[in-house]
Amino acid sequence: MRAYVYDDIPGDQRLPHDSGNPISLNTLGELGVIYKTIPIDEDKQWEKEIDVFAKERGYKNRDQITVTPEGLGESYETKIKSFFDEHLHEDEEIRYILGGSGYFDVRGLTGQYNERWIRISLEKGDLIVLPAGIYHRFTVDEGNTITAMRLFQDEPKWTPYSRSAADTDARPARSQYIDEVKAAVGIQA
Ligand SMILES: CSCCC(=O)/C(O)=C/O
Ligand SMILES: [Fe+2]
């Protein structure tokens, strides 16, 4: 996994957009982002590790999503544009990469990274947890293919609330997230 400040240069969302300014796991942690790697091995040990992780965090359901031009056909471009629309969820977003690769961009919230996009490059064996209320987006990279396990705290639903809508800043999950990040970095809420 690599994380870095997004370069904000216009261009295809699937390009790296690497500003050359790296972001540490600690900085991601301050934003509430959890990252771990569970190598996908032949003897399926990874399945046991995923089950332990899911049980520890109370994830009740899971499914699998494949984002490829072959799999999605004409809806591929529409789908990757919809994933790239800045949004938040009312629940954690947990993704374990089973194949391919892609980028999750998360919004910085305090200090020098406030409102900057932070790009997280993920590949097979990477697991990420995005906290409820974080503004983020997703894209495949130039490889145009990713397969991910989606884990869910409760029923398997994926409801994005686009930041372009008026009310997302006022959603409870957003204000709770802001309070949690400010507490993590020692800013008075
Ligand atoms: C690789 S998972 C597809 C993207 C997705 O589910 C999501 O919520 C992006 O923010
Ligand atoms: Fe999302």
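**Reading an Iron Site, Aromatic Pairs and a Pocket**

Biologist: To begin with a single side chain, is Trp 46 buried or exposed?

Modeller: The structure is a predicted model. A residue is called buried when its relative accessible area is under 20%. Trp 46 has a value of 10%, and therefore counts as buried.

Biologist: What can be said of the rings of Phe 104 and Phe 138?

Modeller: Their centres are 4.8 Å apart and their planes stand at 50 degrees, so this pair is tilted. It links distant parts of the chain, with Phe 104 in strand E6 and Phe 138 in strand E9, 34 residues apart. Phe 104 is buried at 4% relative accessible area, and Phe 138 is buried at 9%.

Biologist: Which residues coordinate the iron ion (ligand 2), and why is the arrangement called irregular?

Modeller: Ideal angles for six octahedral donors are 90 or 180 degrees. Here the iron ion is coordinated by His 87 (NE2), His 89 (NE2), Glu 93 (OE) and His 136 (NE2), at 2.0 to 2.2 Å. The six donor atoms subtend angles of 70 to 167 degrees, which makes the arrangement irregular. Along the sequence, the donor residues follow the spacing H-x1-H-x3-E-x42-H. Glu 93 in strand E6 (residues 93–107) and His 136 in strand E9 (residues 136–140) are 43 residues apart, so that pair links distant parts of the chain. Glu 93 is buried at 5% relative accessibility, and His 136 is buried at 1%.

Biologist: How much space lies in the largest pocket, and which residues lie nearest its centre?

Modeller: Rolling a probe the size of a water molecule over the atoms shows where empty space is left. The largest pocket holds about 170 Å³. Of its 14 lining residues, Asp 91, Glu 92, Phe 152, Lys 157 and Trp 158 lie nearest the centre. By class, the lining comprises eight charged, three polar and three nonpolar residues.

Note on methods: Residues numbered from 1 in each chain as written. Chains lettered and ligands numbered in written order. Predicted model: local features only at pLDDT ≥ 70, side-chain atom pairs only at ≥ 80, totals over all residues. Heavy atoms only, no water. Donors = N, O, S within 2.8 Å, 3.2 Å for Na, K, Ca; no water. Tetrahedral: all angles 85-135°; square planar, octahedral: opposite > 155°, others 65-115°. Helix = DSSP H or I, 4+ residues; strand = E, 2+ residues; numbered from the N terminus. Buried < 20%, exposed > 50% of the residue type's maximum accessible area, 1.4 Å probe, protein only. 1 Å grid on protein atoms, 1.4 Å probe; cavity = no way out; pocket = protein on both sides within 12 Å on 5 of 7 lines; lining within 4 Å. Points joined across faces, edges and corners; volume = space filled by probe spheres on them. Nonpolar A, V, L, I, M, F, W, Y, C, P; charged D, E, K, R; others polar. Phe/Tyr/Trp six-rings, centres within 6.5 Å; stacked < 30°, edge-to-face > 60°.
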